[in-house]
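Here is a short report on a ligand and its surroundings. Look at the sequence and the structure, then read on.

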Amino acid sequence: MTRGGRTAVLALLLVSAGGCSDRGRDPIAPGNGTAPVSYADDVQPIWSAHCTGCHGGTAGLELGAPDSRTNLVGVASANWGGVLVVAGDPAVSVLYRKLTGDSGVGDRMPQGGVLGAVDIETVRRWIAEGALDN
Ligand code: HEC
């Protein structure tokens, strides 16, 4: 194969890999552009789809609507030290660290799986934008 051909195949692979990870959702994370990520419309649906099976009572942290945001923002982690969501600072937020598999905070969440890149980016933007109640 020619050099140009290989580059074209690689570009195609990258495009299709990106296309697969959105699993039917808009591949552009909500809030891109001017509108901030909405907690109710963009973040809570992620918890409801991937987390409340365990975090609806049994795993301690309640992530069901309507109290999930109150249970996260500024709340000390029960298990790992630090705070679950530090508004404006995803990197130190235990929640975000557990979604990205950071070391020092136990299992990656959702336990036994991995969130899609678009969902992780939605959560990151929500925290970076101030963890708004919107
Ligand atoms: C299969 C069950 C299961 C699923 C699904 C799951 N979790 Fe968990 N989660 C647990 C268990 C058990 C713990 C306690 C152990 C630990 O802290 O790692 C936990 C702990 C946590 C903690 C730390 C709580 C604290 O106070 O320290 C966070 C944050 C968290 N989960 C977020 C999530 C999010 C967000 C999702 C969905 C993307 C999710 N989890 C999905 C079982 C689950």
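Start with Asn 79. A polar atom in the Asn 79 side chain lies 2.9 Å from an oxygen atom of the ligand. This model is predicted.

Two other side chains make contacts of this kind. The side chain of Lys 98 places an N or O atom 2.8 Å from a ligand oxygen atom. His 55 reaches a nitrogen atom of the ligand instead, with a polar side-chain atom 2.7 Å away.

## The shell around the ligand

Which residues come nearest to the ligand? They are Cys 51, Cys 54, His 55, Ser 77 and Met 109, out of 19 residues around the ligand.

By class, the shell has 13 nonpolar, five polar and one charged residues. Helix 2 (39–50) and helix 4 (94–99) each supply at least two shell residues. Helix 4 gives the most, with three residues.

## The pocket

Where does the ligand sit? The ligand is in the largest pocket. This pocket has a volume of about 530 Å³. Its lining counts 24 residues. Nearest the pocket centre are His 55, Ala 59, Leu 61, Lys 98 and Met 109.

Helix 2 and helix 4 are the elements that give two or more residues to this lining. Helix 4 gives the most here, with four residues. By class, the lining has 15 nonpolar, seven polar and two charged residues.

Key: Residues numbered from 1 in each chain as written. Predicted model: local features only at pLDDT ≥ 70, side-chain atom pairs only at ≥ 80, totals over all residues. Heavy atoms only, no water. Near = heavy atom within 4 Å. Polar contact = N/O pair within 3.5 Å; in protein donor to acceptor, adjacent residues only side chain to side chain. 1 Å grid on protein atoms, 1.4 Å probe; cavity = no way out; pocket = protein on both sides within 12 Å on 5 of 7 lines; lining within 4 Å. Sits in = over half its atoms within 2 Å of the grid points. Nonpolar A, V, L, I, M, F, W, Y, C, P; charged D, E, K, R; others polar. Points joined across faces, edges and corners; volume = space filled by probe spheres on them.
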